[in-house]
Each structure stands twice: as structure tokens, then as C-alpha cells.
Amino acid sequence: MSAIDSLPPLREVIATHDLRAKKSLGQNFLLDLNLTAKIARQAGDLSACDVLEIGPGPGGLTRGLLAEGARRVLAVEKDARCLPALAEIADAYPGRLEVINGDALEIDPLAHLTPPIRVAANLPYNVGTELLVRWLTPKQWPPFWQSLTLMFQKEVAQRIVAQPGSKAYGRLAILAQWRAETRIVMDLPPQAFTPAPKVHSAVVHLTALDQPKYNADAAVLSRVVAAAFNQRRKMLRASLKGMAPDIEDRLVAAGITPTQRAEEIPLEGFCALAREVAR
Ligand code: SAM
């Protein structure tokens, strides 16, 4: 295995700093630096971008991002035990790595980063979906990020890219695909991580679109989709009853048969329905 930088191998870093993985923090580390460099490459050309990384841990992906030429990396890590290892990386890449010891849910990245900004992370499973939903539902669009390159449990990755008619299709697919291009760019087996999780993982790449694919009010679309998939087995005329007294007429006006179920409706249909509900 060739070295991507002059720093010690990650197994050594973990032993030196006694970074035994904590389950409560979703710690499954990537120790193969060639693999982390490959993930970093999926994020695109980083040389003119600042990168937000959530949960750097011992810094495998951080090193990948820096070795691949990221202009600057802001790494937000909750576990203070990782800070000395991350400080060594900051020393090896002067002026290019800022580490914040804190909770990613509490940080305002724009206070630290200069656009264009890309996000790359092997996300802690316990906050991964919440962070993604926040990034997909900012007050204003386009968002602060140009792209998101994120490792998830494979099942979550499949929900992001899912198409109508599949079990994985739901709120996450619609939120993501309404305003971003989404694709799975890598699959990883449990053995790629230390310790190995029970499930397979996948990297999803999302590119923010300048404009949503179809016109709709974000809040209304979000309400319609939440109600529709909350009772996904019910016909839409029943699951959406609370949205408007004449919901059947509005469904028809949106080109939807009221006896259809949420799973069958493409993104375009939900956007048409959100426009009818907002009318
Ligand atoms: N990036 C490293 C890698 O690929 O080896 C570690 C990934 S591990 C799946 C997730 C990391 O997120 C851990 O280092 C954990 O301590 C950190 N973490 C967990 N919850 C966090 C939170 N709320 N904010 C910031 N970091 C968090």
C-alpha cells in the first residue's frame, strides 16, 4: 500500500492516542488511506473549495481530502480524544485544516468556511439522516454547499436515490431528488471499517441544483410528502384527508388518481400536488 502522506499509518495513530471506538458515537473507522483518498476523489475537484467534514475521528478521510488537494478543511468532531491525532494532521498541512471540537448539529459552517463549499463525511449513523435533512431543507436555495459526498448505511443510501415503486422510495428520496442530483458512487463491505459494523455501507454523492426540478413551495411539499408516506399503505385520498377538505379534487387536478398510494407517485406528481394544495 502506498503512503498518501508522511504521517503514520492509522493503526499506529489509533494505538498511540488510545482511540478505542465508542459505539455511542457511531465510531466505525476507515483505516485504509487509499480507500479514504478514493472517497475524497468522489467529491470532485477540491482544489478551489473549502470542505466541511463531520466526524473526522482519527482523520483517515481528512487526510484523504487534504492529500487530494482540498483548499481548506473544517473538521467537526465531538470526541475530544481525537483532537491530538487531528492536530498532527493540521501540522502536516499548515493553514489548511481547522478542527472544531463540538457537535455537528450545533455548528454554523458558514462562520468558518468560504464558498464554494463541498461537504464530505463518513457520517456517524446516529446523526447522519438528521444532518442530511437539514442540508436539504435550508431557508434559502441554493444551499451553502455545492455537493455532499456522504457515507451512509447502504439502506439509507438506497432511500436517497430510490425511484417510485420501490420500498425504499419515500420522504428522503423526494427531499433529495427535488433539488439535487443523487447517485451512489461506492459500495463498502463491513470489513472496510474498524470495528466492522453489521451492515453494508455506501457513499452517496449529491450535487445541488440551482433551481428545484419542479416548482413547489418547500414547506407545503414537505407536509404533503410527510403525510402521504406516514401512512404509505393507505390510498392518498385517505392519507391526505387532513390536508384539505376537497383533497380528492386537488389530487385529480394534480393528475393523481385518489386511490393511488404514495409509493406510486413520482416527484413531479408530488410537486404538482403541493402546488394544488397551496393554491
Ligand atoms: N471519519 C472517520 C473515518 O472515516 O474513519 C470516522 C467516522 S465515524 C463513522 C463517525 C465520527 O463522527 C466519529 O469520529 C464520532 O466521534 C463522530 N461524531 C459522532 N457524533 C457526532 C456529532 N454529533 N458531531 C460531530 N462528530 C460526531
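Q: What is the relative accessible area of Arg72?
A: Arg72 has a relative accessible area of 21%, which makes this residue partly exposed. Buried means under 20% relative accessible area and exposed over 50%, with partly exposed in between (1.4 Å probe, protein chains only).

Q: Where do these values come from?
A: This is a predicted model, in which local features need pLDDT of at least 70 and side-chain atom pairs count only at pLDDT 80 or more, while totals for chains, interfaces and linings use all residues. Residues are numbered from 1 along each chain as its sequence is written, and side-chain values use heavy atoms, with hydrogens and water left out.

Q: Which side chain meets that of Arg72 in a salt bridge?
A: The partner is Asp50, at 3.4 Å from N to O. Asp50 sits in strand β2 (residues 50-54) and Arg72 in strand β3 (residues 72-77), and the pair links distant parts of the chain, 22 residues apart. A salt bridge requires a side-chain nitrogen of Lys or Arg within 4 Å of a carboxyl oxygen of Asp or Glu. Helices (H or I, at least four residues) and strands (E, at least two) are DSSP runs numbered from the N terminus.

Q: And Asp50, buried or exposed?
A: Asp50 is buried, and its relative accessible area is 1%.

Q: How many salt bridges are there?
A: The count comes to 14 salt bridges.

Q: Which side chain meets that of Arg159?
A: Arg159 forms a salt bridge with Glu155, at 3.1 Å from N to O. The two residues are 4 apart in helix α6 (residues 154-161), and therefore about one helical turn separates them. Arg159 is partly exposed at 29%, and Glu155 is also partly exposed, at 44% relative accessibility.

Q: Which residues are joined into one network?
A: Asp50, Arg71, Arg72 and Glu98 are joined by salt bridges that share partners.

Q: Why can side chains pair like this?
A: Side chains of opposite charge can pair when their charged atoms come close.

Q: Which side chain meets that of Arg20?
A: Arg20 forms a salt bridge with Asp18, at 2.9 Å from N to O. Arg20 is exposed, at 59% relative accessibility, whereas Asp18 is partly exposed, at 42%.

Q: What is the phi of Asp18 near?
A: Phi of Asp18 is near 50°, a positive value in a residue other than glycine. Asp18 lies in the loop between α1 and β1.

Q: Where is His17 found?
A: The loop between α1 (10-16) and β1 (29-30) also holds His17. His17 is buried, with a relative accessible area of 18%.

Q: What does His17 contact?
A: Apart from neighbours within four places in sequence, His17 is in contact (heavy atoms within 4.5 Å) with Pro84, Ala85 and Glu88. The side chains of His17 and Glu88 are joined by a polar contact of 3.1 Å. A polar contact is a pair of N or O atoms within 3.5 Å; within protein, one must be able to donate a hydrogen and the other to accept it, and residues adjacent in sequence count only if both atoms are side-chain atoms.

Q: New topic: is the peptide bond from Pro115 to Pro116 cis or trans?
A: That bond is cis, with omega near -5°. Pro116 is placed in the loop between β4 (97-101) and β5 (117-122).

Q: What joins Thr194 and Pro195?
A: Thr194 and Pro195 are joined by a cis peptide bond, and omega is about -10°. Pro195 belongs to the loop between β8 (193-194) and β9 (201-208).
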